[in-house]
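Keep the sequence and the 3D view open while you read.

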Amino acid sequence: MRFTIKCGLLYLLATMTSFQQVNAGHIMTAEEPIGVMGAHSHHEDGWMLSYRFMRMEMDGNRDGTNSVSSPLPGFMVSPLKMTMDMHMLGGMYGVSDKLTLMIMLPILDISMDHRVNMNRVEFTTEADGIGDIKISGVYDLINDGKQSLLLNMALSVPTGSIDEKDIIPASMGLEVQLPYPMQLGSGTYDLFPGITWLKSIDGSQLGVQARATLRLGDNGNGYTLGDRYMLTSWYSHEVTRVFSSSVRIAAETWDNIDGIDDKLNPMAPVMVPTARTDLRAGTRVDLLVGVSWDTGGHLTGHRFAAEVGAPIHQDLDGPQLETDLIFTLGWQGSF
Ligand SMILES: [Cu+2]
């Protein structure tokens, strides 16, 4: 018994020593999950290219925190499911050791399945193209190697279309304006102020980020998407020198739409809930896990990462499609 304890203690001591050796000379500790944006900065003249693929799957409807089954009462058409794929091309550049600039181009591919309540005919509407380009800055308020506080500021430019059209059964072969969730952009310039706090502890990182999406003015079709507020926190840990894993919680709340899309059929809000401006708001809390594989440190080399998550709480102004699955795959190359 005593021998076993001694062996155990020795083993523990050995692993602790080897762990410290592995970490010696390794400047960067674990990083933020790939689903988090703007949670690191670069040194002067350092730059990074990235590609992320994000998928969001929504299946079935919800009103408040309860599921509502189709056919949705009070409407002629019930949305059944929606898949949103987003390809994100990003670039980062360290203007100085304190300021990093970023640009991100999203390319979206959205598809929504519906069923006509009366005759149970199913149909799909689709929209794809570029979304709103986002230009952002990350400013290091504090960065002492162990702890950092970053100020985030971003502006999105309305490059995404708000005039996506497709054929629906009632349109008799004609393309008609699609409801709000099928549009690719907000149509407005949007501001994204935020703050990120990071704490590094021996091969681990603890992070908290708060961010808002504020819409400026009305878009060209006469409406404004709801503002959004997000709070996320993660813990990532280096399993080996090149491999790390993370766990994250993300809470988000967003408002309804102001105004009405003047290109939408005036009858659309009584046909389908996605055309209702008062059935867009919600609150969601997601739990996500991630893995990350690095060649070299974070500031030089490549990183391949994935993060997958699902809501643990969802409260929607419904009936509205509920989110079931979110995942992000990404590559980041630093030069
Ligand atoms: Cu970067």
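## A walk through the model

Asp202 sits in the loop between S10 and strand S11 (204–216); strands here are DSSP runs of E with at least two residues, helices are runs of H or I with at least four, and both are numbered from the N terminus. With a relative accessible area of 57%, Asp202 is exposed. For these labels, buried means under 20% relative accessible area, exposed means over 50%, and partly exposed is in between, using a 1.4 Å probe and protein chains only. Asp202 also has a positive phi, about 30°, although it is not a glycine. Arg120 is another such residue: its phi is near 60°, and its place is the loop between strand S4 (99–116) and strand S5 (122–130). At 52% relative accessibility, Arg120 counts as exposed.

Before going on, a word on where this comes from. This is a predicted model, so local features need pLDDT of at least 70 and side-chain atom pairs count only at pLDDT 80 or more, while totals for chains, interfaces and linings use all residues. Residues are numbered from 1 along each chain as its sequence is written, and side-chain values use heavy atoms, with hydrogens and water left out.

How confident is the predictor? The pLDDT, its confidence in each residue from 0 to 100, averages 90 over the protein, and 90% of the residues score at least 70. Residues 1–27 stay under 50, and the model has 6 contacts beyond four places in sequence for them. A contact, by the way, means heavy atoms within 4.5 Å.

Now the overall picture. The protein has 2 helices and 17 strands. Of its 335 residues, 46% are buried. Among contacts with a separation of 6 or more, 68% are between residues 24 or more positions apart.

His42 is buried at 4% relative accessible area, and Met92 is buried at 10%.

### Rings and a charge

The structure holds 4 aromatic pairs. One of them is Tyr180 with Tyr223, an edge-to-face pair at 4.9 Å centre to centre and 80° between the planes. Tyr180 is in the loop between strand S9 (175–177) and strand S10 (189–201) while Tyr223 is in strand S12 (residues 223–224), so the pair links parts 43 residues apart in sequence. Rings of Phe, Tyr and Trp (its six-membered ring) pair if their centres lie within 6.5 Å; planes under 30 degrees apart count as stacked, over 60 as edge-to-face and the rest as tilted. Both Tyr180 and Tyr223 are buried.

Elsewhere, Lys134 lies over the face of Phe192, 4.0 Å from the ring centre. That label needs NZ of Lys or CZ of Arg within 6 Å of the ring centre and within 35 degrees of the ring normal.

### Prolines and a serine

Find Pro79 in strand S3. Is Pro79 buried or exposed? At 1% relative accessibility, it counts as buried. Its contacts beyond four places in sequence include Ser70, Met112, Val272 and Leu321. The C-alpha atoms of Pro79 and Gln320 are 8.3 Å apart, though the two residues are 241 residues apart along the chain.

Most peptide bonds are trans. A cis one joins Ser70 and Pro71, with omega about 0°, and Pro71 is in the loop between strand S2 (66–68) and S3. The bond from Gly318 to Pro319 is also cis, with omega near 10°; Pro319 is in strand S17 (residues 301–334).

Last stop: Ser244 in strand S14 (residues 243–254). Ser244 is buried, at 7% relative accessible area, and it touches residues including His237 and Gly290.

Methods. pLDDT is the predictor's confidence in each residue, from 0 to 100.
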